[in-house]
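Colleague: Please take a close look at one part of this model, the interface between the chains. Then set that part in the context of the fold around it.

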Number of protein chains: 2
Amino acid sequence: MKIALAQLNYHIGNFEFNTAQMIRAIEQARTEGADLVVFAELSVCGYPPRDLLEMDNFIEQCEVAAQQIAKACTDIACIIGLPTRNPEIKGKDLFNSAYFIEDGLVKAQVNKALLPNYDVFDEYRYFEPSLSSSCIDFKGFKIALTICEDLWNVNDNPLYVSEPMEQLSKEQPDLMINIAASPFAYNHDEERLQVLGDNCRKYRLPLFYVNQVGAHTEIIFDGGSLVFDEKGDVLDEMPYFSESIRYYEFEGKAVKGLAPKSELRQTDIEQIHHALILGIRDYFQKSGFSKAILGLSGGIDSAVVCALAAEALGPENVMAVLMPSEYSTDHSIKDAMDLVNNLDCKHELIPIKAAAKTFDEMLKPVFKDLPFNIAEENIQSRSRAIVVMALSNKFGYILLNTSNKSECAVGYGTLYGDMAGAISVLGDVYKTQVFQLARYINRDREIIPVNSIVKPPSAELRPGQKDTDSLPEYEILDRILFHYIEEKKGPEAIIALGFEPALVRKIIKMVNLAEFKRYQTPPILRISPKAFGMGRRMPIVGKY
Amino acid sequence: MKIALAQLNYHIGNFEFNTAQMIRAIEQARTEGADLVVFAELSVCGYPPRDLLEMDNFIEQCEVAAQQIAKACTDIACIIGLPTRNPEIKGKDLFNSAYFIEDGLVKAQVNKALLPNYDVFDEYRYFEPSLSSSCIDFKGFKIALTICEDLWNVNDNPLYVSEPMEQLSKEQPDLMINIAASPFAYNHDEERLQVLGDNCRKYRLPLFYVNQVGAHTEIIFDGGSLVFDEKGDVLDEMPYFSESIRYYEFEGKAVKGLAPKSELRQTDIEQIHHALILGIRDYFQKSGFSKAILGLSGGIDSAVVCALAAEALGPENVMAVLMPSEYSTDHSIKDAMDLVNNLDCKHELIPIKAAAKTFDEMLKPVFKDLPFNIAEENIQSRSRAIVVMALSNKFGYILLNTSNKSECAVGYGTLYGDMAGAISVLGDVYKTQVFQLARYINRDREIIPVNSIVKPPSAELRPGQKDTDSLPEYEILDRILFHYIEEKKGPEAIIALGFEPALVRKIIKMVNLAEFKRYQTPPILRISPKAFGMGRRMPIVGKY
């Protein structure tokens, strides 16, 4: 049996596009002599469709698309993913399903049993878990077909009380196929290898695993579909962050002609770099936009975003706007211009001093002689937002947000000012990781000016301001934040790791108090196991 | 047996406050000779605690607080709600539980079986559903204790495959007690009476139902705790939108001295009015703020928000800022000033013409002679946001957003401009409902100037602009929006109701394209069964 794994980039709700590319893949696989093409979870509609699943006409369109794919699927079989209606009156109205299609007809249906409902996942919001499943017979083989999370209950503290493979294994299948929509996080590829390999070892079966690739606003699928032997060794690892179709000959109980291999893992920073570029590119392509705009301060965050955008969209599609205030230093403008020249992107220079002065005058009758404080600082940041948004409105640019995760965490940013943007590129990247990204971007030549990397970070909203005036060194800050946000440790547990108690309490309080700001920030490209946004849902009004 | 129902206003994560007021209620009930005090679901920690539930130290604090309450609970019993740890290795780590406390000890624990995971609810994100339960014996009575959703599976298309009361009813209980955290929507009180009454009729049992009261950012609990007889008739209905403790004598199988009553239901608009005032008041009180600011345009939306804020916080705590542009009409300023005078709130007049002119000049080298368009319109709206946010930053005011649901739906608003604010007061109130609210506010005397109500709505961002230039009449628009948003009907289904096909498609497209704007709007006080925000989760990048 020749199996094709189709690792494609879907578009949520774009049935025409998804169906067309799936049919193209079926046709190509047929030409290559494949017997079976395997597509990813919810491939028909894209993942995550979220509350579109609650609309009847969306579910109808999924079924219509599935029938179109089935019609094209002759002289070959395929496995596709889609939501289907639960025929039982009791329970939720939908299943997260896979269709096994052969000779133009849906021959079997498998429903997902384990529904992830943590972090960015909300599957139990829509789907009824399947309570039973059976293997699929095809070409003399018995296939144990499962959907993504169905294989993820093998650890020591299982989240679910059942494990669908237990039931399927009783039928003595020849192989496992798992169709997935498993989002990227920089530590996820290793966890995935471990969990999937554990299944192979536990059930002594080879596994074909197909993931989606492509970004859907904040969620980035990294592809990296996998083939395992029955010992849990990796036989093939498909490309990360790009589409691919590969073919495998399965004979007896084994994949023909492939030996276990251990690929060199990409570093976290390499993976993050690829993920962010895919995230930017797909946000624009799938929204129908091509041109980005951002404020370029001369600092490292906006420099890194500018470089990533230039790589994702082409430098000719990136407009960098330099908006010095009266507190901006000369080197900031030089650093920003060096970057523009290194990247060959477009730029405008629009000083904001006049705007700040006008607002000061407008507010003088109310502010009287009250001292300069955060009000005047924020006026500058918000005046910049007005300028870039005006250019966006006039010329159709999409504003990229340049805040990093450390800033988002502690609320070191101005709502409706530098926190503005359509999509946040670095909102899940800690400042210390931004420095690593900058060095990675400079791996072959100096793109990010070295001065942007080595100078002390500053918002430049008052004379001589430095980030460290109100924050600890980022090396310390980011470690405390990681323990609190990613690891969900409380203050006592973090203090017990050796951090200064007062500092830990101050930082945690800052994180909690900034919840109202984060609520209004743009969606954030997710690259970590715990990103701000849909994956971290905190009360705004509370005491904690 | 004398039962006290304690309908209290909790504060999420504020264990000190919640525990103290629960202990006070226990002491008061003891003085009144009560045998049992019943508190609401998750009363110990407040509802919804969201991802705080994922932090170990939060769960520990819940248990510590429960033990403090238990210690105070002597010579009386009580029922409290809190998250507890699931002792089983398999399944999620927590239960949503009720403790039955007697003589200072936790004598019984009931875990919630049906976990709502739709709309604003995410309970399956945290909790393992209980699979079994048993009645509680107290003072010779057998109590069937359930938690909120546990009683909500009695309709024709049940969301869950099980019904916990089926199991409990086998023990032949004498009464049902249900502890709830059931959020307000203007149609929810009638649904609640129906569903709870259906349980009484089905199991032929009386029911004591305790709800929370109070607002937690967007979620508003309306109280309205209920006592039913075994025929499903209402014997008592506790106050809506305010705290209360009431006592009931239960003898044999009946509540003593109470006859079925049918209260006059409040109209939807009355309920919405109360809910919004509670929503504003609790947002401020629970955040530790007292002073609100808003931009007052002379139009109806900001007038209604200003009146609601004055009632919630006191007029002396409301700062209305009049910010005319060169396109503002004279009557707008007069209408705004009339409102300020009617309410006796504070005000400032800060024209924004100078800011708009300065930005025009700053952008002239780039904009050149391109015609006035949405870029210039938005500059005005965003300049106003800078002014109110500067006042907010300087004086500690909290900005109230004044956008209504119709605008939010179609994206008729400026991000970082009039869409700014800490909390959106009218974001779940359609424009046609805003008019009703205005008339209700004027029920005794003219508070909202009649001219603000009768004049054609306009953003006044260019000469002679009217909302109807780009939108249909609100009577039509709101009906189409209701079918799409609340009823989740697709375009064909809405067109089939008799609306103009091109208009329906245009409106739906506007709603979908505004998803990126809504992502960045403030939290919205929820008063309908389908509010924007956490209850409606749509993809941003997609095609639908």
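Modeller: Two residues are in contact if their C-beta atoms, placed from the backbone, lie within 7 Å. The model is predicted, so local features need pLDDT of at least 70 and side-chain atom pairs count only at pLDDT 80 or more, while totals for chains, interfaces and linings use all residues. Residues are numbered from 1 along each chain as its sequence is written, and chains are lettered from A and ligands numbered from 1 in the order in which they are written.

Start with the interface. On the chain B side, 79 residues are in contact with 79 residues of chain A. Five elements of chain B give two or more residues each to that side: α2 (56–72), α5 (268–287), α8 (353–367), α9 (374–395) and α16 (515–519). Helices (H or I, at least four residues) and strands (E, at least two) are DSSP runs, numbered from the N terminus. The largest share comes from α9(B), with 14 residues.

Which surface does each copy use? The copies meet through the same surface, because 100% of the interface residues of chain B are also interface residues in chain A.

Confidence next. The predictor gives the complex an ipTM of 0.96 and a pTM of 0.97. The pLDDT (the predictor's confidence in each residue, from 0 to 100) averages 96 in chain A, where 100% of the residues score at least 70.

Now the chain behind the interface. Chain A has 16 helices and 20 strands. Its radius of gyration is 26 Å, close to the 24 Å of the globule rule for 544 residues, so chain A is as compact as a globular protein of that length. The radius is taken over C-alpha atoms, and the rule is 2.2 Å times the number of residues to the power 0.38. Along the principal axes, the C-alpha atoms of chain A fill a box of roughly 85 × 50 × 50 Å. Of the contacts in chain A with a separation of 6 or more, 73% join residues 24 or more positions apart.

In chain A, 57% of the 544 residues count as buried. Buried means 20 or more other C-beta atoms within 10 Å of a residue's own; exposed means 12 or fewer, and partly exposed lies in between, with C-beta atoms placed from the backbone. A nonpolar core is a set of buried Ala, Val, Leu, Ile, Met, Phe, Trp, Tyr and Cys residues joined through C-beta atoms within 7 Å. The largest core has 371 residues, and A:V38, A:C306, B:V38 and B:C306 touch the most other members.

Take B:V38. Beyond four places in sequence, its contacts include B:I3, B:L5, B:I79, B:F208 and B:V210. B:I79 sits in strand β3 (residues 77–85) of chain B. B:I79 is buried, with 27 other C-beta atoms within 10 Å. Its contacts, again beyond four places, include B:V38, B:F39, B:F100 and B:L145.

One sheet to finish. Five strands of chain A form an open, parallel sheet in the order β18-β17-β16-β19-β20. β18 (346–349) and β20 (423–424) stand at the edges with a single partner strand each, so one side of each is left without a neighbour in the sheet. Strands pair if DSSP finds at least two bridges between them. β16 (residues 292–295) and β17 (residues 318–322) of chain A pair over four bridges, with A:A292 opposite A:V318.
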